[in-house]
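Here's a quick walk through the fold, starting with the strands and moving on to the helices. Keep the 3D view open as you read.

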Amino acid sequence: MTQAVITSRYGDWEPVIGLEIHAQLGTQTKLFCACETSFGDPPNVHTCPVCLGLPGALPVLNRQAVKMAIAASLALGCKVHEKSIFARKNYFYPDLPKGYQISQFDQPLATGGTLDIEADLGARTVGITRVHMEEDAGKNIHGDQHSRVDLNRAGTPLVEIVGEPDLRSPAEARDYMRRVRDVLIFLGVNDGNLEQGSFRCDANVSVRKPGASNFGTRVEMKNINSFRFVEEALDGEIHRQIRLIERGEVFKQQTRGYNADKKHSYLLREKENEDDYRYFPDPDLPPLVIETRLITEQRESLPELPADKQRRYTKELGLSDYAAGVLTAHPATARFFEATVATGATAERASNFIGAEILRDLKTDGLDAQFPVSPEQLGALLALVEAGTISGKQAKKLYGDVAGTDRDPASRAKELGMEVMRDEGALEKLVGEIVSKNAKQAEQYRAGKTKLLGFFVGQLMKATRGSADPELANALLRAALEQDTKDR
Amino acid sequence: MSPKLLPRSVVEIAASVRGGEVSAESITQASLDAVAARDGQLGGFLSVAADLALQRARDIDLRRERGETLGPLAGVPIALKDALCTKDQPTTSGSRILAQGIDQQGRAIDPWRPPYDATVVARLRAADAVFIGKSNLDEFAMGSSNENSAFRLARNPWNLDRTPGGSSGGSAVAVAGRMTAGALGSDTGGSVRQPAALTGTVGVKPSYGRVSRYGLIAFASSFDQVGPITHDVASSAAMLQIIAGADPADGTTTHHRVGAYREACSRGVAGMRIGVPAEYFADGLDDEVAAQVRRAIAALEENGASISNIELPHTRHAVATYYILATAECSSNLSRFDGVRFGHRAHGSQTLREVYETTRGGGFGPEVKRRIMLGTYVLSAGYYDAYYRRAQQVRTLIRRDFEHAFQSVDLIATPVSPTVAFPLGSKLDDPLAMYLADVYTLPASLAGIAAISVPCGLGSASGLPVGLQIIAPSFAEEQMFQAAQVVEDTAPDREVIPQACQS
Ligand SMILES: [Zn+2]
């Protein structure tokens, strides 16, 4: 992968970071049974003999989950293997009903992908080791007297995306994590919800001297569930490791948790105390054989990914990097933007209005989004602006009027009497009044503080309730202010 | 007063119930009477569902009177190995870990009642079979003598001091003891075929993938197959016909066509090529067993089959291979018995670890623990390659042995067990000797191919039943039944009734 420029932030130490991301696949049903995948319901209502791990029950693979996992693998540039194997990862825990998790081990679904990132070290391409499928565990709920187990989540399909140790700074880790999430949500296979845990991240981190060929002792940071915490936790851990090494202390390969409130990490377990998971192929599930046709189909139906969209928005639609970033932050926003442009609105006008007004009122819940107006309504509204029928200021007011309704912007503009004021006589009169009322400011303007023109435009807009034709207003005000100069 | 002996044939019972010559209720009652008369001694059952069975039988009779067409197994009394899940009915797999205790009579106290039926149970029910009860077994189907049952000893109806075999010992006892016409067992390394051979019954291990495992409490998933035990070949064919076929709930079942097994039974063996592997007639095979097996093979030849010697060179590795792979799978399969969601949970534990240790320590018997430990060991980091991976490679070699043999023969004939039924207690202290009881049945299990055990006479010294094993390629159950029927038709001593059923 491309060579990173080493930051000076950690002195002459180079951090080496790799992320393991667990993302829930947004299927209707669980990975190996027909139970609904749904959250926030009373405990254990979405369970059956299979996901309860009852004696005699057998798993049957959910084909929809396979398709989603293939899409994710392809979008991350991985090679999807014709044959992969489900394996059992054996360990005891109350939230793991069968005493083993069905996962993939030495023959995963897909391997060898890449992702382009851009953070503090510039634009780089980093590697993705593998993408594999597995089932989620349930949840233990600890009380004073008892611990309880909720298995609604047990058996929910996950993809685990294992990144190469190619990341060289916490900021890169954060950017990588965000980009993986963006890819998954644009595919529609994950809702990107970090708080609810449908997108989770573990990080492996070590430090070494730049140019060293070996990695330092690795620490795994468990369950860091926000973009900010990833950056904070890694930064803290890197400093901790450097401190230890510089003090000449030796530390063991270990797993640590992160306390976001106290901003410090704590030891969970050291390597030698880790379970031996005794992986072996699950004899209940035949090898997963994926026909080339299915891979081709999935490849052909891949939607435009966020990075490509951003590139297109800037290169072809002429938007700024910032605007393109805002519009591609959520797939629904990008869809809304594109649908608005499809009604005939210019990309710039649509982008500006969405950025300034719509996003403020946008409600998202995972992949679902509720826009205050339809793209057609916004298109109609922007068409009125484009035609000069209403002013920008009126457009905002009109938007407030039609938001949350199915009103037609054009007819509402008429009903509300919204029209750009172009009556030169009436405007001239108002301009005269404003200039004389604000003699002090007019004085300053004439003295060279021409920026004050904006103040006068504001006053005129106020007086016309935003309906004055902006160009005409500018011209009349400038003329009036400069006229006075000559008069003197 | 001794109840009239239950008819032997599943096929005949179903025909007479369907034809209205006999009521399902009277057959069920005869079956229940036989259980009441003999099972105290025989130990074939872990639970009996008398009321439910009678109610079911009356319902079948009523439906016949209303003119409805009854299912192909109408009114046939069946015993179900207690490793098969039966909805709301006691299901223990022979283990105290699925019960809250054991009473004085060796009955499970408050046993686990699954919320669902195994697919094979549902299919038999849909065919109008009547379930008499759940039959005894070695705990989690691990054993060859039924002595590993946590609940009660099962005895061989031919000689009460001898084992009926295992692990489906209770199923074989139910049929051989004339308590039911048929039974379902499960065969992992010989658990249907060996007890069938030792009790003079027919037992089928279908090809892997032929019969659904959904609802069979797993021992070793890549070996387990459910199969029938009956008095005669045609009855086994009739039962397999019902339970065979793809099941959407079991991804390891296949869509191969289900054969016409009953019809196949009458086709004979003329022109069939049958191979006899030298490896199965070496040291350790009792003379009286060898004699009857050779006689049966000669009878097949007399009926038109051509007999040839074949080689299955990797046979000698079968026992070691099996006990690595099967224990590996069982160590993982039995992890779910953790006391958290069902069955026995040790009380008074202070920590999670204690819950696991006391629940499993007190719930599992010694043989189950031995196999969990063996299996855990062979899967452990550092040992996996030497044991599990190597054993998988040998399994492939054993499978290839058979593939190679089946290029020149249609079927293979061998003994089922090296000895007739051995005395109870004789191998209890020697697990390795017990494991060798399965030496002739393990290879077909490793290869995943079909096999049947057919009675072929009584041993000249012991007077106890001897079984012949017919091994067929995967999904060639039809040919297997063809030959099995000929073996049955030419077997001596067919009318001898087991000692326990004579009084
Ligand atoms: Zn379920």
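This is a predicted model: local features need pLDDT of at least 70, side-chain atom pairs count only at pLDDT 80 or more; totals for chains, interfaces and linings use all residues.

Chain A has an open sheet of nine strands with mixed pairing. Reading across, the order is S2-S6-S7-S10-S1-S11-S12-S13-S14. The edges belong to S2 (79-80) and S14 (264-270) of chain A; each has a single partner strand, so one side of each is left without a neighbour in the sheet.

For a look at one pairing, take S7 (residues 122-135) and S10 (residues 157-163) of chain A: they run antiparallel and are joined by seven bridges.

Helix H3 (residues 227-246) of chain A lies across S1 (14-24), S11 (199-208), S12 (219-221), S13 (254-259) and S14 of chain A. H3 runs at about 25° to S11(A).

## A helix pair: H8 and H9

Now for H8 (residues 347-361) and H9 (residues 375-386) of chain A: their axes come within 11 Å and cross at roughly 115°. The crossing of H8(A) and H9(A) is right-handed.

Which residues meet here? From H8(A) come A:Arg349, A:Ala350 and A:Phe353, and from H9(A) come A:Leu378, A:Leu382, A:Val385 and A:Glu386. By type, this contact has five nonpolar residues, two charged and no polar.

Conventions
Residues are numbered from 1 along each chain as its sequence is written. Chains are lettered from A and ligands numbered from 1 in the order in which they are written. Two strands pair if DSSP finds at least two bridges between them. Helices (H or I, at least four residues) and strands (E, at least two) are DSSP runs, numbered from the N terminus. Two residues are in contact if their C-beta atoms, placed from the backbone, lie within 7 Å. Axes are lines fitted to C-alpha atoms, for helices over the stretch in contact, and angles run from 0 to 180 degrees between N-to-C directions. A crossing is left-handed if the near helix is turned anticlockwise from the far one by less than a right angle, and right-handed if clockwise. Ala, Val, Leu, Ile, Met, Phe, Trp, Tyr, Cys and Pro count as nonpolar, Asp, Glu, Lys and Arg as charged, and the others, Gly among them, as polar.
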